[in-house]
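Colleague: Please take one part of this model and go through it closely. Then tell me how it sits in the rest.

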Amino acid sequence: MYSQNTVQGSGRSSVAGAADAAAQRVYETWKGSNIFFLQGRFIFGPDVRSLALTVVLIAAPVAVFCVFVARKLMDDFSHHLGISIMVIAVAFTLYILALLLLTSGRDPGIIPRNLHPPEPEGYDGGTEVGGGQTPQIRLPRVKDVVVNGFSVKIKYCDTCMLYRPPRCSHCSICNNCVERFDHHCPWVGQCIGLRNYRFFFMFVFSTTLLCIYVFGFCWVYIKRIMDAEETTIWKAMIKTPASMVLIVYTFICVWFVGGLTVFHLYLISTNQTTYENFRYRYDRHANPYNRGVVENFKEIFCTSIAPSKNKFRARVPQDPGLQPRSMAGGGFISPNMGKGVGDLEMGRKAGWGEAVTGVGDFEGALANNGLENKEGGFGDASPNLSHGLPSETVEGRSGVHHPRRSSWGRKSGSWEISPDVLALASGVGESNRVGNGSASQAADD
């Protein structure tokens, strides 16, 4: 008897271990548009290919500088000083590339999605209507919260099924809600948010210093040629075309990265994000996050970085099946379900037809197949159908709006219907066809 129980216990443990080993990890079932490397250890945006271009734009000029300028200066200066020119350039470049990886390859502050819409405040679950049916409750579009004594509106995200925390926004490119969302940078292929803004600023600032460094020593090399050959500046430039190319290149780049550095210094000093600044959010009322220049800088550079809220390498818990959360016939409806509501903070109302073409036909097909029967517990079907609602993001001060991509399927921008919803629809439709056939046969009899 003992041996039999032991065998059964070992069999159950082996089955559980096999099920755990077969379970997918979080990064393998991720619903955002991110790309993962090294089994979920690095997370990038969908435009990660642009990161290779950024690396080339940084490393290639430094390589030219080391070969055609710094190597020649080693002969003109004393031994240690000449070598230090090249060593500083190489070390500084490696430091910038490390900052680039820290900016691009880490979680920027993604808020995990909810599996179900949140319950309304004050809901006790006891409200019923005729026939024991729970009414469908529409969630409010916005809520008011108090931040440092100021009232701040937070909005409901239809894709992530949550109320976004203050300063959080949904990135239409990565298809995630990001805390303290600043912007999505195509040069690093990642959102800039709460957990990587510090590294982003250090990357931009260090790149500006590297441009100035290369620019300055190229002129030093030209001056050494002028003094050695007692010639004019134009003839000295002709003798070192690599220096001229680098001078022009770094002069152009310093306007971009240098201007971006100055702009973000202003944002840090006033405790704003690029997203907030481009929308003039604090032009007409006080900024509840501004605590003074010194405290604002300490908040960015002298505070610990919050840990990630996502464990990308963790196992996904096994789902026993699609189980409705609400009671029969009831549920919580997305605030945008069935109506075209744009991003209220954008000042533009998006039309339902802009991004939800063809959804009405699908909803009609579900209704005809009996999905809205009174006895079935499909109250959560309506929140799931709200993922693809239109919303917008601002790319710049020009006010150009781009429709946010939907999340019906796993990839952003895909209008594929969820397999669970299709399974429900096909199952209910099959039962209706069987019921209709039985009724017609009874009528014939």
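Modeller: Helices (H or I, at least four residues) and strands (E, at least two) are DSSP runs, numbered from the N terminus. This is a predicted model: local features need pLDDT of at least 70, side-chain atom pairs pLDDT 80 or more, and totals for chains, interfaces and linings use all residues. Residues are numbered from 1 along each chain as its sequence is written, and side-chain values use heavy atoms, without hydrogens or water.

I pick helix 2, and then follow what covers it. Helix 2 runs over residues 49-76 and has 28 residues. Its first and last C-alpha atoms lie 41 Å apart. That is close to the expected 40 Å (1.5 Å times one less than the number of residues). The helix is not straight: it bends by about 40° at Cys66 (the angle between axes fitted to the seven residues ending there and the seven starting there).

Now the buried side of the story. Ten names come up here: Leu51, Thr54, Ile58, Pro61, Val62, Phe65, Cys66, Val69, Ala70 and Leu73 are the buried residues of helix 2 (under 20% relative accessible area with a 1.4 Å probe, protein chains only; over 50% is exposed, in between partly exposed).

Take helix 6. Its 30 residues should span 44 Å at 1.5 Å a residue, and its end C-alpha atoms are 44 Å apart, so the two values agree. Helix 6 still bends, by about 30° at Val254. After helix 6 comes Asn271, with a positive phi near 55°. Asn271 is not a glycine. Its place is the loop between helix 6 and helix 7. At 2% relative accessibility, Asn271 is buried.

Asn148 has a relative accessible area of 54% and is exposed, whereas Asn271 is buried.

Next, helix 4. Ser206 is one of its residues. At 4% relative accessibility, Ser206 is buried. Setting aside neighbours within four places in sequence, Ser206 is in contact (heavy atoms within 4.5 Å) with Phe92, Tyr95, Ile96 and Leu99. Phe92 is 114 residues away along the chain. Even so, the C-alpha atoms of Ser206 and Phe92 are separated by 8.0 Å.

Last, the whole chain. It has 445 residues, of which 42% count as buried. Twelve helices and 13 strands make up its list of elements. Consider contacts between residues at least 6 apart in sequence: 67% of them join residues at least 24 apart.

Helix 6 has its own bend at Val254.
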